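Keep the sequence and the 3D view open as you read.

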Amino acid sequence: ETDVDGLIELVGLADAGRKATRNYSLGMKQRLGVATALIKNPTLLVLDEPANGLDPAGMRDMRDLLIRLRDDGRTVLLSSHLLTEVEQVADRIGIIDRGRMKLIGTVDDLRARAGARVLIDARPAGRAAAVLAASELLPESSVKLEAGTVAVTLPRTSEPGEAEDAIVPRLVRELVDNGLSVHRVVNDERSLTDLFLTLTSEGIRS
């Protein structure tokens, strides 16, 4: 027998009482839809754009609900273009292009595929960018000057962090040997949106 009260509690609608569903907000309707999908107690739940059209509070509530469903032992397959939301709840991410699965993995897997990036604060920045663009260690296209900082996309490796460990000290030495002052080097933790744009622009459409 379905525990309807338990489902309503799970999706956060217990306070709605006997309020008519026609008076529900969009976020409440989205949560009610999830409760309806859970009536037969599925172990796999497929949700299509559950946060679409929600305000920030509604998106937070939907995010919390998805995490509760996961923690309850269910597998949630989420289809969404809201990549910032996906990044906060998904364990594994797949990129589908024209109906075909092109990539699948964790965010760290996608970072390794896209190539790690570091931000180098070196002075003068323009000359630092020119030195690295001419370096034999990097393709010229992997070096960009962004707001006075040199952004470097490192060669791709099979393991996240491997490229930084091997190449970054050599890049810093090259800058110093050319008379430049290096103040700081930090990893650039790109968002899932950035990774998606990088990967889709570099050939997963082929």
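## The largest pocket

Several elements supply at least two residues each to the lining of the largest pocket: β1 (44-48), α3, β2, α4, β3 (93-97), β4 (100-105) and α8 (192-201). Strand β2 gives the most, with five residues. Remember that this is a predicted model.

The pocket has a volume of about 910 Å³. By class, the lining holds 19 nonpolar, five polar and four charged residues.

## The cavity

The model has one cavity of 30 Å³ or more. About 80 Å³ of space lies in this largest cavity. Two elements give two or more residues to its lining: α3 (56-71) and α4 (83-89). Helix α3 gives the most, with four residues.

Which residues line the largest cavity? They are Pro50, Ala51, Met59, Met62, Arg63, Leu66, Leu78, Ser80, Glu85, Val86 and Val89. Eight of these lining residues are nonpolar, one is polar and two are charged.

## A nonpolar surface patch

Leu44, Val46 and Leu77 form a nonpolar patch on the surface. Together they have about 300 Å² of accessible area. Leu77 sits in strand β2 (residues 75-79).

How values were computed
Residues numbered from 1 in each chain as written. Predicted model: local features only at pLDDT ≥ 70, side-chain atom pairs only at ≥ 80, totals over all residues. Heavy atoms only, no water. 1 Å grid on protein atoms, 1.4 Å probe; cavity = no way out; pocket = protein on both sides within 12 Å on 5 of 7 lines; lining within 4 Å. Points joined across faces, edges and corners; volume = space filled by probe spheres on them. Nonpolar A, V, L, I, M, F, W, Y, C, P; charged D, E, K, R; others polar. Patch = residues over 30% accessible without salt bridge, like charges linked within 9 Å, V, L, I, M, F, W, Y side chains within 5 Å. Areas by Shrake-Rupley, 256 points an atom, 1.4 Å probe, with all protein chains shown as cover. Salt bridge = Lys/Arg side-chain N within 4 Å of Asp/Glu carboxyl O.
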